[in-house]
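The entries follow in the order in which I looked things up.

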Amino acid sequence: SSCRRPSEKEDISVLVISADMTGLFITDISIGDTQSVLTFSGDITAELLDGDAITLDESSILLNGRNWSQWTISEQHVVSKLSGFYGYADEPDVKRMLWNHVSYVYHVDGELV
């Protein structure tokens, strides 16, 4: 497909799914410099496909056993890379969404990663 500039008013169809809908949850996360590996509680291959976009609700993330209210600025940056929600430098309470793209969905020893 080709790229084009969006019109002033653009409607993009989106199919949104959540853990509440699927009953599948992220059980482990390994964060790397250029990619993160998410391990799910069950088979997500019917729901999450290569090229899909994903965001995570920051209020549901624990980093080193602590929630969002206890993170340092550097920890907030780590979580932003994972969640897809970034604060503006001049307005840290205002967030912009830059979702992550799923690049590969596969099984490892019966676990979906």
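**Fold**

I read the order of elements from the N terminus as α-β-β-β-α-β-β-β-β-β. That gives two helices and eight strands, taken as DSSP runs (H or I of at least four residues for helices, E of at least two for strands) and numbered from the N terminus.

The model is predicted, with local features needing pLDDT of at least 70 and side-chain atom pairs pLDDT 80 or more, while totals for chains, interfaces and linings use all residues. Residues are numbered from 1 along each chain as its sequence is written, and side-chain values use heavy atoms, without hydrogens and water.

**Extent and surface**

I noted a C-alpha trace spanning about 45 × 40 × 30 Å along its principal axes. I looked up burial next: 20% of the 113 residues count as buried (under 20% relative accessible area; exposed is over 50%, partly exposed in between; 1.4 Å probe, protein chains only).

For contacts (heavy atoms within 4.5 Å), I took pairs at least 6 apart in sequence, and 44% of these join residues at least 24 apart.

**Charges**

Which salt bridges does a search of the whole structure find? I found one, where the term asks for a side-chain nitrogen of Lys or Arg within 4 Å of a carboxyl oxygen of Asp or Glu. Glu75 pairs with Arg66, and their closest N and O atoms are 2.3 Å apart. I checked the cover of both partners: Glu75 is buried at 13% relative accessible area, whereas Arg66 is partly exposed at 25%.
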